[in-house]
Structures are given as structure tokens and as C-alpha cells.
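Trainee: I'd like to go through this one with you and find out what sits behind the labels. Can I keep asking how you know?

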Amino acid sequence: MKRLSEERTKILFEKLSQYIGSNIKLLIERPDGLYCFREQRDRVYYVAEKVLKVAESIPSDHLISVGTCFGKFTKTNKFRLHITALNYLAPYAQNKLWVKPSMEQQFLYGHNITKSGLGRISESVEKFHGIVVFSMSDLPLGFGVAARSTTDCRLADSLTVICFHQADIGEYIRSESDLL
Amino acid sequence: MKELRKMKKDAILTKEPKQSDKSNVHVTKQKGLSNGSTSKVQKRPKNHVYYPKDSEGEDESKVKVKEFSDDNNRWLKPKKVKTELFDSDEEDSDEEGQEIDDEDQLKVTSLNKLSDDDDDDSVGDDEFDSDSMKEEDESDVDSVKEEDKSDSDSIKEEDDDDDMLPIEKQTKKLKAKQKREQKLADEELKLNIAGQEVFQFPNDAENEQMTLQDIQQRIRDVIVVLSDFNKLRNDTHSRTDYIELMQKDLCNYYSYNTFLMEKLMELFSLSELVEFLEASEVERPLTIRTNTLKTRRRDLAQALINRGVNLDPVGKWSKVGLVVYSSQVPMGATPEYLAGHYIIQGASSFLPVMALAPQENEKILDMCSAPGGKASHIAAIMKNTGTLVANDVNKDRITAVVGNFHRMGVINSTISTLDGRKFTNAITVFDRVLLDAPCTGTGVIAKDQSVKTSKDQQDIQRCYTLQRELLLAAIDSVNAKSSTGGYIVYSTCSVLVEENEAVIDFALKRRNVSLVQTGLEFGTEGFTTYRQHRFHPNMKFARRYYPHTHNMDGFFVAKLKKFSNTIPKSTTTEEEIEEAVQKDEGNKINEKKVKQSKGLKRKHEQEEVVKSKKIKKLPAKKQKLEKQGTSEVVKSKKVKLEKVSKSPPKMKKRRESEMSNDVEVVKSEEIKLKKKKDLKKSETKNVATKVKHTFTSNKIKNKKMFQKKR
């Protein structure tokens, strides 16, 4: 467990801001106590300080996870969000996309979202911006990257990809062993 | 008038089944409902009579009057019981009630006639509600009429008996015949019961070829024999023969190994055993637990029902459980599951967490957490406050905990893979600890059939040794001074006493803990006595769950409260733990060991013989000495023995003053000491008696000598 270096903090926050924008502030300044980001084996965990104290007493070889895992730094020092971060992305998301029930299942198997499966999309989504995917009953399903802006979506034909798949909750079953 | 007679005949005819079998009548009634015909019937409510088309107005009332005649008294009686019931409800409806009953009867009569009409009855049924009010009024009027005419009708009835129609006589004859047949049948039945074949004990040759059904039959037979052994036994075979036969059959039929079957037979009575084995063949219903961090049970149920899942609440005792009867989609892959709204978890797994009763803002440890069902339940009850440490030594299984926690939105957790036994050193103290210890899994045979054949004494011993160590570690990692907690919950999915009560008992003797109520409303109490074991009387606070009685996995839950952080020093060294473990089962493990122990016994016996010889020699040598001398020797021996036996209790007393809480340990050891004392007393007694013998023989000799001298 160590603090993130300034460089990595910057990379992380840049990434997060793509999805939740200025809501990052809400993650750090919370009314219910102090929360912080910690790094272990290139994984970034978001955790309350109280929990962290207990975690620090466990030898690091045996420490598997603390609080919520947001993602990991790759070897090229880029940050990759994991599906486990969805708990925090979904409520604060700025760009949202709702998929039709027919597309729901496909997305959960790791496919991109096409225009035909698009139910709703929030306005002013820009191209290549992070977007959180919901089912029509407001269940967060995962997140991805917008392949087209909202205005382009209107004109697109039914087979064009609207959103590139990044992570979905189907991974909890598909790849449980390497979630972290 | 003919019309009336017909009615009466029918009444008699259909009475017949009524007397013999009530359920029959019920069936015919129902038939009547479905076959109900003609416009008139349709407008009547269910419990009203159908009258033939012709009989209307006055005729109708006459028909009813007939029902109250003396002739019918016999079969009207049982119905009066019903009317009493009505009475108790409303006093005003006395007559109505009777009326309705009578009409019921009449309805029965009319069925035969109506059976060929196939008009739809649904209309009649539908109109029941609207018409019932009117009908009640009508019936009131009817009953008044009846009372008026009852006197005159009784006279009429007598006349009828004299000039019976031939068909009536026939029915009488028929009735008599049926009675006789019934009587004969009853007698035959009794004969059959009395002359039931007593189970014959099979020869060995017979054992070779048997079908499963035969074995099953034989199991039943043997159970019957054992239930009334003195009466049904075969004189040449003892009870153990029967039990052995039964054990063999059960092993064959349910494919268990002999060891486990033996253990189970010790645990359950025979009839219960069979129930347990049967229940262990069938999987328990699939249950899910709502994740209260993300949704509510009602919303979840609604969402799942929309996906074609058939479910129900698991019971009053849980507010988060749901039982799934059938589903069109796989329960482990619905979007709701993936979004963490529920987890698939056995109903029995709710219990330890409910017993633990976590509070918000506490520090809680789940020592053996994989796959995280119970741990996430704890987090849900704590509402993500406080801190939760989910530990499991297995690194492959810990990924399931990680997955489940993130899926279900548990954010207050630390997940680790420490060895539970080392927890005392590794981590600060906790308010509560849940120890769902690894076990042999004899309670979840339905889930994993391999348990049936794979377990033996050594496996069980390994399990309970580990369980004891884990439990001690769990107790050590709890803070007794915690303002809200200081509790440890121990649970296993095993039904064996060795892994449950014995482990708790072990901990009670070695740590400052006491058993407390689990707060679980149902479940059978833990054993306070089991075979040769005598557990702490508070063991009744622990709860056991069986697949055959509670329809959940076999389970054991016990809750301990730690009342002092000091660890009693007397008996806690690990060596002694191991010793105790070995003592408990030492002889049984291997035949070799048994032989060794036998050898040891022999040695002991030899030594004893030698000793006794020495003792014999001693008085012989001292025969020449004075009698007092020998007695002094014996006394001195006694004193020595007493010194030996008294010195340990003094030590104990000192210890007691040091550790006032560890009373039980001392007690147990005192018991041991008493036993030792007893042994030594008996030895000294032996010595004394032998000495006495020599004394008496000496006396006799002396007397003879005197006589000779004279």
C-alpha cells in the first residue's frame, strides 16, 4: 500500500474525468470521512482511511484487495479502468447511454453497441469520450467510449457502432479470476 | 307421493357411502357441483339443494319435512355436529345452519339422478354471491314451515315402513349385505396385521444377490424389528447383529462408507437416520439473498418475476431471503445478478451472520470467508460502515470473494489470504469474529456426494484439530472490552459432534469465553450429552440444523462471548492441545496403534501381576515379625499415596487464585485427579485386603499352633 506518485495521480484523474467530469471532487471530499487512493502492485484502490488502517496491519504478501479497486496501471504507465470501478462511475457519470433489452445481452457478452440497440443517449456526448452504459431499467451494465457524438448518432444507420465496449458486468462471471 | 318416495330411496342409497367413508361423500358433492344442472340449480348457491323439476312450491317443503323424520335420524346425527359449529359462530343462524346441512344431504341424494345432465355449472357458481342473500331469506321461511309440520310427518313415516315398496326392501337387504361385507373385511384386515410375517434374519449367502428394492425393504423390516426388539427378534441373533445388518444395508443402499455410516448411526435414531439419508439425496431448494446495499427485496422479487422466475420469501425469520422454485433464466447470470442485487446462497448460510448480529461501525473479521457470501451479508447489515476483514487461506478461492464484494458494492472490506491460525499476531483486535470453519461437509452431502465415501477417522481428526486451532485464534483476536461486541460465532456445515460441540467445549476450557444465546428462533439445541461426552450445560444455546427437519443444509451455529482478554496459562500450550486431541481418538485411528495399545495394556497387566506378587511376598517375609509392624508398613504406603494424590490439587489451588476465570479447566482436571485417586484407593484397598488375608491366615495358624500345644 503506497500513495500514488504525482504523475500517476494525474494520469488517474485525467482518465476519471473523462467519465465523471468534475465529480471527482465528490470522490475526494466526502462528508462521511476521509477517503483516499492507494496503489498496490500497480492496482489502484479507493478506500476509507479507517479501513486502510486495518489493511496496513496485514502483511502485503497476503493482502489481496482493499476497498474498491478502480483499475491498474499498465506497463506503459497508462491507466486502465476495471469494471469494479463501476460502483463509483455510474452514480457520477456525465455521459450516459441506455441500451434496449435486445442489445443488453450482447453488451454483457463484450460486444460493441450499435445504433439498433441504442435506447437513449445523454446530450452533448463528444466523440471518444467515456460513457457509462445503462439498461432501460437504469441498471448500470458497464462503460465504454463513444464512437460517435450525439449529433452523429441521429444520422447514423442501424448497424454503425455507437459505443466501443470497454468493460461490462458480465466480466464478473466471464473472468472472475482476473478481475484485479 | 311417488315422487317423494323416489327421493327417499335415493336418499337411503346415497347415505350408504356416507357412513362408510366421509371422503367419498365429499367427492360426490364436488361432482354434484360440476354436474349441477337445470336452470333452477344454476341460480342456487353451492350449499343449497337441487330439487327435481316437478317438485315446486309446497312439494318442496314437504320433501324437506321428510328429512326430519325419525327414520332418518340415524344418518342425520353426524351432521348435527356441524350445526353445533354453526351455533358457536352465530346464535341467530341456528336454523339456517341446519337447513343448509339438510340441503347438503339432499343434494347428495339428487346427484345420482343428475349425473347424466351436463349443463354448465359455472353460471351457477358465478351467481352464488348475488343470490346467496336471497336464498338465505328463503331458507328462513322454509325452516319455519318445517317446524310446523314436523309433528304430523312423524306419523306418516311409520305408515311408510309398513307398506314398503319392493325396491325399498331390496335396498334394506343390500344395506345389510354391505354391512356384513364390511365387517368381514375389517376382520380380515385385523388378521393380516396380527399374522404379519416376522422378519427373518438372513443367511450370509442371501446377502450376495439383492436388488436395491430388496435392500430397502430389508432396511424397513429391520427398523421395525429394532423398534420392538423383544417381541420381533430372532432369538439366535443379538441386537448388534441386526444393527450390523442394517448398517451394511444402509451403506449399500445409499452408498456410504462404513465409517461415516457408523458416525451417523451414533448421531441419529434409526428412523431419523433414514430420513436424514433420504434428505441428503435431494438437493435443497435454491435460495438467494437480496443485497440490501443495492436494492430491496420487493423490488428484486418484482424484477425477477418479470424475467420468468417463480419465487417466494424464504420464511418469516429472514427479511432478505428468497426461495426460487423455478426459473426460465439461469439464476447466476441475470443482469440483476451481475449488477449485484442478489447472491445465490443457501438458507443455512444466513444463520451464522444473523447469530453474529453485526452492528454498524464495528470491526469484524470473517476468518474463512470464501466465496464471500456470509461476509457480504455482514457488510450489508453494517451498511458499508466500520471495517470488515474477509480472510481465506486459499488464494484460488479468494478471487471469488473479490468478485462478489465488488459486484455487490462492498466498500468497507479488506481481503486477505492469511492463515487463520496466525491472526492473533497479525492484526489488531476485532469486535466480532465469524468463524465458518472448514469441515468434512457431512451436512451438505446433497451438494457434494463424494463426502459419502471419502471421509474416515483421520479426515475428521484433521478437521477438528484445525477447527480447534482456528477457534482459539478467533477468540484471541476478539477484544473482550469492546463496548458493542466481544462475540465469536462458530459455524460448520457438518453434523458431526466431533466438529461442533466438542470443539466448542474445547475452547470453553481453554479461553475466557462463555456460550450465549444465538438469537436464532428455530433449530434443534446442541447436545449437552453425547455418548460418553458431557459438554457444558450451556451447549443448549448452540443450534443444529438438519436437512430432514429444517429443509436446509445440515449446519451448526454457536455464539460465544469473550469476557476477559487474559489467556488462561495452565493448559494452552500447543503441545497439550495436540496431546488432548490424540487422547480423544488415539486408540481408534489405526489398527496398529490399537495393537500397540493392547501391547501396552499387557505390559501394564504384567507389571501389576509383578507388583501383586511383591505384595504377597512382603507379608510372607514379615510373617515372622509382629503384626503391628506389617500394618505400619501398609500405613506408610498409604501416606505416600495420599501425598502423591494431594499434592496436585494444592498446585491447582494456587493456579485458581491466579486465574479465577478458568474454573472449568480446573474442574475437569479435578475430575481426572479424582479418578486417579480412585484408582490408587482401589490399589491400596487391594493391598489392605491381601494384608487382611494374611492376617486371618496367620490367626488361623496361630490358633492351630495353640491347639497343638494344648
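Mentor: Chain A has seven helices and 12 strands, where helices (H or I, at least four residues) and strands (E, at least two) are DSSP runs numbered from the N terminus. This is a predicted model, so local features need pLDDT of at least 70 and side-chain atom pairs count only at pLDDT 80 or more, while totals for chains, interfaces and linings use all residues. Residues are numbered from 1 along each chain as its sequence is written, chains are lettered from A and ligands numbered from 1 in the order in which they are written, and side-chain values use heavy atoms, with hydrogens and water left out.

Trainee: How many helices and strands are in chain B?

Mentor: Chain B has 29 helices and 15 strands.

Trainee: What makes a residue of chain A count as buried?

Mentor: Buried means under 20% relative accessible area, exposed over 50%, and partly exposed in between (1.4 Å probe, protein chains only). By that cut-off, 52% of the 180 residues of chain A are buried; for chain B, the share is 45% of 710 residues.

Trainee: Why is helix 19 of chain B called largely enclosed?

Mentor: Helix 19 spans residues 373-382 of chain B, and nine of its 10 residues are buried, so the rest of the structure largely encloses it. Among the buried ones are Lys374(B), His377(B) and Met382(B). Just after helix 19 of chain B, Lys383(B) takes a positive phi of about 60°.

Trainee: Why are helix 13 and helix 15 of chain B called roughly parallel?

Mentor: Their axes, lines fitted to C-alpha atoms over the stretch in contact, with angles running from 0 to 180 degrees between N-to-C directions, come within 12 Å and cross at roughly 10°. Angles under 35 degrees count as roughly parallel, over 145 as roughly antiparallel, 65 to 115 as roughly perpendicular and the rest as oblique. Helix 13 and helix 15 of chain B are therefore roughly parallel.

Trainee: Which residues make the contact between helix 13 and helix 15 of chain B?

Mentor: Contact means heavy atoms within 4.5 Å. Helix 13 of chain B brings Met246(B), Leu250(B), Tyr253(B) and Tyr254(B), while the residues from helix 15 of chain B include Leu273(B) and Glu278(B).

Trainee: What makes a group of residues a nonpolar core?

Mentor: Such a core is a set of buried Ala, Val, Leu, Ile, Met, Phe, Trp, Tyr and Cys residues joined through side-chain atoms within 4.5 Å. The largest here has 142 residues, and Phe70(A), Leu97(A), Leu471(B) and Ile504(B) have the most contacts inside it. Helix 23 (residues 457-476) of chain B gives the largest share of this core, eight residues.
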